[in-house]
Amino acid sequence: MADVKRAFVTGWPVDHSRSPLIHNYWLKKNGISGEYLKRPCAPQGLQQFLSDLESEGFVGGNVTVPHKEAAFGLIDQPCRAARALQAVNTIWLGEGGLRGTNTDGYGFLANLDDRHPGWDCEDNRVRGALVLGAGGASRAVIYSLVERGFSNVIIANRTLARAEALVEHFGATCQAIDIVEAVPGNLAPAFIINTTSIGMNDRKKPLNLEGFSATTIVHDIVYTPLMTPLLSQAKQLGMPIVDGLGMLLHQAVPGFEKWFGIRPVVDETLRKILLDDLGEAS
Ligand code: ATR
């Protein structure tokens, strides 16, 4: 039992997490004798939980809602992405103590590179991106777009002050607008990304896509349902679409490699396992 590496996902609650499906698939596929377990933890217990990782036999794990920001404050030596996002989702025991990173931005980029090669071509980087929403997920998306050289990132949010705070953080390549101003005519982005929760539990769209160019790539990071009202409309209008499942799968790659020593592959079998779990026909 001594050489069985153990990793975890913690959140409050954590029942809904699909991370065990992903990591246990990769453990089996790669013939690794490891475990990936759900460990619910209330906010007031997070510090103790992280202090006890080594004695509990864990090599590391994932932290999810609502712990990402609090965990950032508890790790030693946060990496650049974690500092930019002020949040971590992946931690491990390493030299110098508890280390942490944020792989949400990596997952966003790796998925697009995989599903939509050329999405970041120079023409698109100049035309720019329209990001809907200004929460934690939006932060990761904007960070990634700026890193990839997008010179024009428009952040549209219901609460303008939150979008303005992100502009303050990420600088002059970004601008903030009220979401009702995000209409074609005003804007001609190459890329539209929804990071709001609109469309998850309702049949609403954060934006009407009529009038935007048919070449605009539309990406929704919501994956329940997979075909959100926004993506349905984009499809009807003949726009290229990217669903939210791939970002979830790709963000798991760096953590697995840290804990278990092999860089895993996001393959169609894994995607099918997740689609089945989500009740989506593949
Ligand atoms: P996360 O960290 O997962 O991104 P969040 O911080 O709760 O979540 O942010 C949710 C985003 O969805 C916000 O941009 C929020 O807009 P506000 O900043 O104005 O709250 C947006 N959002 C959620 N429900 C919305 C709704 N019904 N209409 C418009 N925007 C909504």
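These are my notes from going through a predicted model of this protein.

**Overall build**

I started with the fold inventory: the protein has 12 helices and 11 strands. Next I checked the radius of gyration. For 282 residues, a compact globule would come out near 19 Å, and the protein has 19 Å, so the two agree. Along the principal axes, the C-alpha trace spans about 60 × 40 × 35 Å.

How much of the protein is buried? Buried residues account for 50% of the 282. I also looked at the contacts between residues at least 6 apart in sequence, and 66% of them join residues at least 24 apart. The accessible surface is about 12800 Å², with 50% of it belonging to carbon and sulfur atoms.

For charges I noted 26 positive and 30 negative side chains, and the centres of the two sets are 2 Å apart.

**The nonpolar core**

Which residues touch the most other members of the largest nonpolar core? I wrote down Phe 108, Leu 145, Ile 155, Phe 191 and Ile 193, out of 30 residues in that core. Elements that each supply at least two of its residues include helix H5 (104-115), helix H7 (136-147), strand E7 (153-157) and strand E9 (191-194). H7 gives the largest share, 5 residues. A reminder to myself: in soluble globular proteins, nonpolar side chains tend to be buried together.

**Helix H11**

I went to H11 (residues 253-260) next. Since 6 of its 8 residues are buried, the helix is largely enclosed by the rest of the structure. The buried ones are Val 253, Pro 254, Gly 255, Phe 256, Trp 259 and Phe 260. Gly 261 follows H11 and has a positive phi, near 85 degrees.

Arg 271 sits in H12 (residues 268-277). Is Arg 271 buried or exposed? Its relative accessibility is 10%, and the cut-off for buried is under 20%, so Arg 271 counts as buried. Leaving out residues up to four places away in sequence, Arg 271 touches Arg 115, Leu 226, Asp 243, Leu 245, Gly 246 and Leu 249.

Ile 273 is partly exposed, with a relative accessible area of 28%. With the sequence neighbours up to four places away left out, Ile 273 touches Leu 21 and Tyr 25.

**Gly 94**

Gly 94 is in strand E4 (residues 90-94). At 31% relative accessibility, Gly 94 counts as partly exposed. From its C-alpha to that of Asp 276, I get 36 Å.

Most residues other than glycine have a negative phi, and most peptide bonds are trans. With that in mind I went looking for exceptions.

Where are the cis bonds I noted? One runs from Trp 12 to Pro 13, with omega near 5 degrees. Pro 13 is in the loop between strand E1 (5-10) and helix H1 (19-29). Another cis bond runs from Thr 224 to Pro 225, also with omega near 5 degrees. Pro 225 is in the loop between strand E10 (217-220) and helix H9 (229-236).

Gln 77 is not a glycine, yet its phi is positive, about 55 degrees. Gln 77 lies in the loop between helix H3 (68-72) and H4, and is partly exposed at 44% relative accessible area.

Gln 86 also has a positive phi of about 55 degrees without being a glycine. Its loop runs between H4 and E4, and Gln 86 is partly exposed at 37%.

Conventions:
Residues numbered from 1 in each chain as written. Predicted model: local features only at pLDDT ≥ 70, side-chain atom pairs only at ≥ 80, totals over all residues. Heavy atoms only, no water. Helix = DSSP H or I, 4+ residues; strand = E, 2+ residues; numbered from the N terminus. Rg over C-alpha atoms; globule rule 2.2 N^0.38 Å. Buried < 20%, exposed > 50% of the residue type's maximum accessible area, 1.4 Å probe, protein only. Contact = heavy atoms within 4.5 Å. Areas by Shrake-Rupley, 256 points an atom, 1.4 Å probe, with all protein chains shown as cover. Lys, Arg positive; Asp, Glu negative; His and termini not counted. Charge placed at Lys NZ, Arg CZ, Asp CG, Glu CD. Core = buried A, V, L, I, M, F, W, Y, C linked by side-chain atoms within 4.5 Å.
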